[in-house]
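Please look at the sequence and the model before reading on.

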Amino acid sequence: MKIPKEDVDHGYAWAVLAACFAIEVLYGVLICSVGVITPAILEEVDGDLVKVSWVGSTVMGTFTMCGPLVGIIQERIGHRWTGIVGGILMLVGLTAASFCRTVTGLILTFGVITGLGCGLAANVSGVAPGKYFHKRLPVAYGIIMSGGALGLLAVGPLTIQLLDHYTLSGTLLMLGAIGFHVCLAGALIRPSSTLMPEMPVSKELDRQEYIEGGIDSQGDDAQHNPVDYGDLPGETETDFIAQRDVNNCSLATLPGVVKESGLREENATFAPLLDHRSHSSNKKPKCGMISESVSFIGTNGFFFYLLSILFWALAEAICMVHLPNYAEYKGSTPAQSASLFTGMGVTALFAGMLTGFASSDQDIGNIILHVGLQGMSGVYVMLLPTLSQTYILQMVFSALYGTYSQGPYTLVSPICIELIGRSKLAVGYGICSFFF
């Protein structure tokens with residue numbers, strides 16, 4: 001089923017954008033709260049920093065490593081139910097964590113269950129807009145990913161206030177209630193059956209080849225009846241390739257494409273064959289589906305893009321988990337160390353949107369933006385020992401790092417669409433999350 005034209009870049013697409021923005025804010029608060037909560041765990045549960053660091057590491061590890069699984073789940077049950085299940089897992093995990101008094105219990109509840117819920121939510125906000133936006137896709141992702149920066153902006157003061165009033169147990173319970181709102185945002189996203197048909201990467205090239213093939217085989221009829229993929233039956237252009245090969249039937253003679261009454265009889269002859277071919281192609285063994293889901297990793301340099309994400313994420317995880325505790329080690333107060341995320345969030349909020357606008361410029365490549373932003377982030381991470389001697393220098397580092405570290409998040413989905421196509425976006429985005 002095809003999404004109405006008024007809902008592509010318009011109409012209900014903006015409701016989907018608002019829902020995905022809310023999901024980014026909500027799960028961003030939970031993920032970024034790990035660094036602020038770590039000192040509280042050291043004080044109230046266990047004073048061993050090595051053991052306590054496993055809690056934050058497990059949250060981030062589960063959040064990222066479940067990516068491929070989450071992508072497959074999302075392809076199966078759709079965006080709406082994926083978001084709802086993610087919100088439920090956040091509530092269950094954090095509610096159970098509020099009753100735990102051991103590091104092991106926090107690892108299992110806060111780390112594994114909540115991390116899996118955040119992974120489900122992140123995949124929804126990263127994939128769903130790709131089905132609703134085309135021309136405005138980079139700008140849409142810039143706005144949506146700035147939601148994560150807004151969560152980063154709010155998490156410091158919010159978590160500190162919760163810890164002051166409700167201690168660690170009450171804070172985890174309140175964060176669970178906040179994360180449960182992902183269910184409401186996910187419910188606003190329409191089921192997958194109403195979304196745009198999926199298109200391969202080389203859409204324009206395929207379109208040109210198909211039109212030329214129609215002209216060669218049909219002559220003037222094909223010229224007067226150009227191929228319009230919006231009218232073709234089926235779900236993807238890949239199906240059209242298979243359908244064209246049946247009895248050497250060109251695209252110009254497929255049902256719904258040629259409108260002259262003189263060709264209706266010919267279309268009726270080919271229709272049963274095409275329908276049989278389409279149904280038989282959908283019956284694939286499960287092992288074949290899994291193999292097909294990951295076969296695109298080596299396509300168009302996608303593997304090298306994954307490697308760049310991996311090396312970037314090694315530094316990103318250190319900042320998000322250990323920056324507040326490191327700031328306290330350098331002499332800052334707990335409130336000051338938590339406010340570093342606020343400074344990081346302010347600059348990241350604008351950086352994400354600016355990256356989206358820059359990405360929409362055809363003269364600026366997404367890959368060039370990605371490499372430049374990652375390079376600058378790496379430079380500032382190397383300068384962290386120098387920019388950590390005083391609270392002011394720590395805030396300078398946070399602001400600069402937030403400026404350049406948010407942009408690559410905005411570019412993940414557009415780059416995935418550019419390299420592997422919309423049809424593999426759910427699994428592709430999940431694999432990217434695995435390398436974060």
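The sections below treat the basis of the model, its aromatic pairs and its nonpolar core.

## Basis of the model

The model is predicted: local features need pLDDT of at least 70, side-chain atom pairs count only at pLDDT 80 or more, and totals for chains, interfaces and linings use all residues. Residues are numbered from 1 along each chain as its sequence is written, and side-chain values use heavy atoms, with hydrogens and water left out.

## Aromatic pairs

There are nine aromatic pairs in the structure (ring centres of Phe, Tyr or Trp, the last by its six-membered ring, within 6.5 Å; planes under 30 degrees apart are stacked, over 60 edge-to-face, the rest tilted). One of them joins Phe302 and Tyr305, with centres 6.3 Å apart and planes at 40°, so this pair is tilted. Both Phe302 and Tyr305 are buried (under 20% relative accessible area; exposed is over 50%, partly exposed in between, with a 1.4 Å probe and protein chains only).

Phe303 and Phe304 form an edge-to-face pair, at 5.9 Å centre to centre and 70° between the planes. Phe303 is partly exposed, at 38% relative accessible area, whereas Phe304 is exposed, at 59%.

## Nonpolar core

The largest nonpolar core contains 91 residues, and Tyr27 and Phe110 have the most contacts inside it. Such a core is a set of buried Ala, Val, Leu, Ile, Met, Phe, Trp, Tyr and Cys residues joined through side-chain atoms within 4.5 Å.

Apart from neighbours within four places in sequence, Tyr27 is in contact (heavy atoms within 4.5 Å) with Phe63, Met90, Cys118, Ala121, Ala122 and Ser125.
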